[in-house]
Amino acid sequence: IGTLSFGIGSAAAQGSESSDTRRVENIVPVPVETEVTGAGYEITDETAIYVGDTSATGVGKYLADFLRTPTGYELPIVEQPPRGAAGGISLRLTGASDEVGEEGYRLQVNPSGVTIRANAPAGLFAGVQTLRQLLPPAVEADSARAADWTVPGVQIRDYPRFAHRGAHLDVARHFFEVDDVKQYIDYLAQYKANHLHLHLTDDQGWRIEIESWPKLTEIGGSTEVGGGEGGFYTQDEYREIVEYAQERFVTVVPEVDMPGHTNAALASYAELNCDGEREDLYTGTQVGFSSLCIDKEITYEFVDDVIREVAELTPGPYIHIGGDEAHVITDEEYNYFMERAIDIVRDHGKRPLGWHQILGPDPDADVIPQYWYPGNEAPEVAEAAQKGNEIIASPASHAYLDMKYHEDTELGLDWAGLTSVKEAYDWDPGTFIEGVDESSIMGPETALWSETLETLDDIEFMLFPRFPAIAELGWSPDTKTDDWESFRERLATQGPRWDIQDINYYESSQLPWA
Ligand code: TNX
């Protein structure tokens, strides 16, 4: 009752201050350290964005583009704050400690402005993603809104636990247009992930133009699961995806799956088949039935051409060569093929990555196996870690976002079990695989296979809220990611943001939605 005596103005100010402060507590992924300080900074039509260094201009533009829409403010980008100027948002590539590395940042907010400091543009970008969550959900709107654009007074110190925070997307089983992939990249960036693994080829479709083998896309790209028309990226379109990702500090990891999962290639070129006859196109969902012809030399000319062209289009250091489920060849054939394929990747200046079967031929330590079994046991992976191979952790029982949430989920598969939001969060990528130390883990990666997914809405449904959960496991310190009860509260506060973003998320009953 005592509160009734407060003036309306101060009650409103207090109200907004406390809801601001709650935003600090609800950031996903949770930062290394946050401290609520005093009063915050209100973004107004006077606010400018200061970039002290031209290397910060790209992030400055991203931030300006992002904030101009909902606020309707001009938000000019300027090089230096004039002396005694009103506050603004400063992006600084100085004064961040070494501790935050290349991707971390410090963020400070007081009444005179917001300052983000980092050692590299990627860190500024991560800081901008945090700033986004310090503003009200209306900041996600695609048109001007009236809102209180006050950033709460805070000091944040933040950097990632793992260097690799990835998300895979299968564009082969169902094809997704360039714009859908861009949207996917935006979701990665929003939760501080930094690798997009594009599964570009499979039995049902070949999705990347290869100039030296044009029928791969003409024929192999012409359909998809269920018999739809499929599609593919021209080399220019692929470059466009790569560039869009780069602007968001996301590295594209292209996957060309081999020697299995190659029916689309075998249907495009007769000479790739051992019997010299083209396969029929395939639009079902079986796995493990196809293989390149191990004994033919043209197979390796084909692999060399494909890897060369993909390597030339890809600035990132990795090429993923699949290697999963080659069930119609012997282990001996598999190992012979993989040794040659791994060498071809190296010859074209890239680091070879593959599903963890790639360990078959016992490759050198530069090869990265991506662990994908459900459960936590794979002795060959533990052995590889002992020998120095680094590992990407994608256990199907937690990180396969194409698994159903529960029995009645219409989309998705269930071969690795059901994956609730809690299940997605409830594992530690650093210690999960039996016999593998955290020091051998590059980081977690989610997988999104698209046998049952046809639209961006479908993708969103499987991604949210589970992707942000695993993104947090990749970024945040393990001392802060072992508390599901607190996480479910924080994650639920993202709901209003997703509503405004028009994301088709799954309203899991495990989360206390507002
Ligand atoms: C297994 S996991 C596959 C994919 C399927 C997926 C469906 C792996 C390396 N291969 O070919 O799409 O299961 O969940």
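How many Å separate an oxygen atom of the ligand from an N or O atom in the side chain of Glu451? Let's look at this and other details in a few close-up views. The structure is a predicted model, in which local features need pLDDT of at least 70 and side-chain atom pairs count only at pLDDT 80 or more, while totals for chains, interfaces and linings use all residues. Residues are numbered from 1 along each chain as its sequence is written, and side-chain values use heavy atoms, with hydrogens and water left out.

View 1. For Glu451, the distance from an N or O atom of its side chain to an oxygen atom of the ligand is 2.6 Å. Asp402 also has a side-chain N or O atom 2.7 Å from a ligand oxygen, and for a polar side-chain atom of Trp415 the distance to a ligand oxygen is 2.7 Å. Such pairs are polar contacts (N or O atoms within 3.5 Å). On its own, the ligand exposes 360 Å², and the protein buries 97% of this area; accessible areas come from the Shrake-Rupley method with a 1.4 Å probe.

**View 2. A shell of 14 residues surrounds the ligand.** Among the closest are Arg173 and Tyr400; a residue is near the ligand if one of its heavy atoms lies within 4 Å of it. The shell holds eight nonpolar residues, five charged ones and one polar one. Here Asp, Glu, Lys and Arg count as charged, Ala, Val, Leu, Ile, Met, Phe, Trp, Tyr, Cys and Pro as nonpolar, and the others, Gly among them, as polar.

**View 3. The loop between S14 and H7 holds Pro259 and His261.** Strand S14 covers 251-258 and helix H7 covers 263-268; helices (H or I, at least four residues) and strands (E, at least two) are DSSP runs, numbered from the N terminus. A cis peptide bond, with omega about -5 degrees, links Met258 to Pro259. In His261, a residue other than glycine, phi is positive, near 55 degrees. His261 is buried (under 20% relative accessible area), at 1%.

**View 4. Phe249 sits in the loop between helix H6 (235-247) and S14.** Its phi is positive too, near 60 degrees. Is Phe249 buried or partly exposed? With a relative accessible area of 29%, Phe249 is partly exposed, a term for values between under 20% (buried) and over 50% (exposed), using a 1.4 Å probe and protein chains only.

**View 5. Phe464 and Pro465 are joined by a cis peptide bond.** Here omega is about 5 degrees. Pro465 lies in the loop between helix H13 (456-463) and helix H14 (466-475).

Key:
Polar contact = N/O pair within 3.5 Å; in protein donor to acceptor, adjacent residues only side chain to side chain.
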